[in-house]
Amino acid sequence: QVQLVESGGGLVQPGGSLRLSCAVSGTIFSINAMGWYRQAPGKQRELVATTTSAGKSNYADSAKGRFTISRDNAKKTVYLEMNSLKPEDTAVYYCNAGIRRDYSVYAYMTYWGQGTQVTVSS
């Protein structure tokens, strides 16, 4: 019922920019933290950035100064603005969110999107 759908990935040259979006659909009560992770070929999934419900952000060292995470609670969407992209940023990017589905039950569950490919190459 709850679904997270990423978009905005693609092929860019080094130094270029991309803006990823992840929209939450389905009947939910509230969204807590949201984040972006990535997984490169042959590597484990790693955290890129997170944002709390209050808008506090946290970044991996590799993303600091280049990436910006933001959210639009009205649209139930989280964004990742990526600038000065490097070949090592190439990966499948996944969004996730902690979601409370029912106002009567205090329980947050983590949901993941299917991922969007980002390729940085000349």
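**View 1. Serine 84 in the loop between strand 8 and strand 9.** In this predicted model, serine 84 lies in the loop that runs between strand 8 and strand 9, the latter covering residues 91-100. The phi angle of serine 84 is positive, near 50 degrees, although the residue is not a glycine.

**View 2. Lysine 76 in the loop between strand 7 and strand 8.** Lysine 76 sits in the loop that links strand 7, residues 67-72, with strand 8, residues 77-82. Its phi angle is positive as well, at about 50 degrees, and lysine 76 is not a glycine. With a relative accessibility of 27%, lysine 76 is counted as partly exposed.

View 3. The side chain of threonine 77 reaches the backbone oxygen of lysine 75 at a distance of 2.9 Å. When neighbours within four places in sequence are left aside, threonine 77 is in contact with Ser21, Cys22, Ala23, Met34, Ser70, Arg71 and Asp72.

**View 4. Strand 9 and the strands that pair with it.** Of the 10 residues of strand 9, 9 are buried, so the strand is largely enclosed by the rest of the structure. Strand 9 pairs in the antiparallel sense with strand 4, residues 30-39, over 8 bridges, and in this pairing isoleucine 31 stands opposite isoleucine 99 of strand 9. Strand 10, residues 108-112, also runs antiparallel to strand 9 and is joined to it by 5 bridges, with tryptophan 112 in strand 10 as the bridge partner of asparagine 96. A further 3 bridges join strand 9 to strand 11, residues 116-120, again in an antiparallel arrangement, and here alanine 91 stands opposite valine 118 of strand 11. In a regular strand, the side chains alternate between the two faces of the sheet.

**View 5. Glycine 9 in the loop between strand 1 and strand 2.** Glycine 9 is placed in the loop between strand 1, residues 3-7, and strand 2, residues 10-12, and at 33% relative accessibility glycine 9 counts as partly exposed. Not counting residues up to four places away in sequence, glycine 9 touches Leu20, Thr116, Gln117 and Val118. From glycine 9 to threonine 27 there are 18 residues in sequence, and the two C-alpha atoms are 26 Å apart in space.

Note on methods: Residues numbered from 1 in each chain as written. Predicted model: local features only at pLDDT ≥ 70, side-chain atom pairs only at ≥ 80, totals over all residues. Heavy atoms only, no water. Helix = DSSP H or I, 4+ residues; strand = E, 2+ residues; numbered from the N terminus. Buried < 20%, exposed > 50% of the residue type's maximum accessible area, 1.4 Å probe, protein only. Contact = heavy atoms within 4.5 Å. Polar contact = N/O pair within 3.5 Å; in protein donor to acceptor, adjacent residues only side chain to side chain. Pairing = 2+ DSSP bridges.
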